[in-house]
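This report describes sheets, helices and their packing in the structure shown below.

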Amino acid sequence: MKKTVFFIVACLFTSQLIFSQQLPKDERMKWWREARFGMFIHWGVYAQLAGVYNGHEQQRGGAEWIMNRSKIPVAEYQQYAKQFNPVKFNADDWVRMAKEAGMKYIVITAKHHDGFAMFGSKASPWNIVDATPYGKDILKALAAACKKQGMKLGFYYSQAQDWNNPGGAAARKLMSEGWANPDSAKIDAFTAAHNGHWDAAQETSTFAQYIDRVAVPQVKELLSNYGDVAVLWWDTPTNMTDDAALKLQELLKLQPRIITNDRLKRPNFPGDTKTPEQKIPGLSELDGKDWETCMTMNGTWGFRTSDTKWKSTETLIRNLADIASKGGNYLLNIGPKPDGTFPDASIERLKEIGQWMKVNGEAIYATKASPLAPLNWGRCTMKENDGQTILYFSVFDWPSNGQLLVPGIKNTVVSAKLLAGGAALKTTTTTDGLNIAVPFNSPDANASVIKVILKGKVESQQSAANGKMKTGALD
């Protein structure tokens, strides 16, 4: 027992020592807290299968999980890399679309759970340069495009799960989540006895050897070869140990400004940000920590031809306003096609979000969480400056009577206007709160934003931040 306690204390001490070699957290987090909106990109060999294995539609989960859920043997899965040739990939176009949508940073899957590296790696031949006809380093092109266009770049890295490089972990999934294999019972028994693995080739090395031979050197490559790396986005700490986590975290000193999330190894390695997935936390879950909701535009992270359940532009914009109103960031996913282009539905939504952000972006960027009680007609964000408070009201349900009531505001109004068009609005303060006279027709069906400048600080109507946020993967 004493040895266990000593080891945990040593881990925490070492963790603090490593972070002390980085810049102070508030300095590292400043741009991220102001950005509010980023692009997630899930792309790899799995895009080639697009959710279908030998004519069988994957039954559950994102298309990037097809190797695991369909129990594709390692040697067979590696053959798909020989077909992966994204000749239409254009890094400049990708960054331009993200920028025009109002996004401030990009996080791309440098290596997902299938172990395929989207960069040239000396640690494993299972990478886009050595295993595909394309033969080029995607991340180098993207890093150059981001630098040219002033976009922050981050890398997603699956540090524990790796279904191709020997020794990598595998979260156990039932065969029924892939397809109706007649040998399902036998396969499920095998995975139960082999820590989720379904192919003997996956177990020819230990997890510790995988960490030393693949994960550590690849993370070192990512943090050394691509210029400034804004974010390192760990994922699924399956079978992770404190020893392995320390080896990976020690590499962060290569990028003193880097931001990391909470998925390296729980609970001893909390990182900088929490990561609710596919959901927006409620007010009762907020705990005062930095957080970022990652979410798909449809139902899957990786490209899948059969998934046409796209969220509307209205939903995506209102999600962004909702998240900003709670002090979080929105990391919205794109699953590129195997040829390197974005799906048309994604491009359409990016353009429409961008049009909204050109008019209303100041209600999102560099804002703080709403100080008000929940509003039944929309969301609120806040800025404080020179003894004044600016409140931005993103109105979802436009009032039909031309009067918008904001309960609880007692401050003197300096000015009020619509961001769309800039028309000044008349206000009156009553015992019920602030009443804003608005046009009968909403300027924007997605969300119309009203900017109100008030004297002094607005008294917070929120309860103390002491909730418990559900963070991490839902899958």
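Axes are lines fitted to C-alpha atoms, for helices over the stretch in contact, and angles run from 0 to 180 degrees between N-to-C directions.

## Basis

The model is predicted: local features need pLDDT of at least 70, side-chain atom pairs count only at pLDDT 80 or more, and totals for chains, interfaces and linings use all residues. Residues are numbered from 1 along each chain as its sequence is written, and side-chain values use heavy atoms, with hydrogens and water left out.

Helices (H or I, at least four residues) and strands (E, at least two) are DSSP runs, numbered from the N terminus.

## Packing of H12 and H13

Helix H12 (residues 313-325) packs against helix H13 (residues 344-360) at an angle of about 50 degrees, and their axes are 10 Å apart. The two helices are therefore oblique to each other (angles under 35 degrees count as roughly parallel, over 145 as roughly antiparallel, 65 to 115 as roughly perpendicular and the rest as oblique).

From H12, the contact (heavy atoms within 4.5 Å) involves Thr313, Leu316, Ile317 and Leu320; from H13, it involves Arg349, Glu352, Ile353, Trp356 and Met357. These residues divide into 6 nonpolar, 1 polar and 2 charged (Ala, Val, Leu, Ile, Met, Phe, Trp, Tyr, Cys and Pro count as nonpolar, Asp, Glu, Lys and Arg as charged, and the others, Gly among them, as polar).

## The antiparallel sheet

Four-stranded and open, this sheet has the order S10-S11-S16-S13 with antiparallel pairing; two strands pair if DSSP finds at least two bridges between them. Strand S10 (378-385) and strand S13 (413-418) are at the edges with a single partner strand each, so one side of each has no neighbour in the sheet. On average, and ignoring direction, neighbouring strands of this sheet are turned by 15 degrees against each other.

The antiparallel pairing of S13 with strand S16 (residues 448-455) extends over 5 bridges. Opposite Ala416 stands Val452 of S16. H12 lies across S10 and strand S11 (388-395), and runs at about 50 degrees to S10.

## The parallel sheet

A second open sheet has 7 strands, paired in parallel in the order S7-S6-S5-S4-S1-S9-S8. Its edges are strand S7 (259-260) and strand S8 (292-295), each pairing on one side only.

Strand S1 (residues 37-41) runs parallel to strand S9 (residues 329-334), joined by 5 bridges. Phe40 has Asn333 in S9 as its bridge partner. Helix H10 (residues 207-224) packs on this sheet and touches strand S4 (105-111), strand S5 (152-157) and strand S6 (231-234); the directions of H10 and S5 make about 175 degrees.
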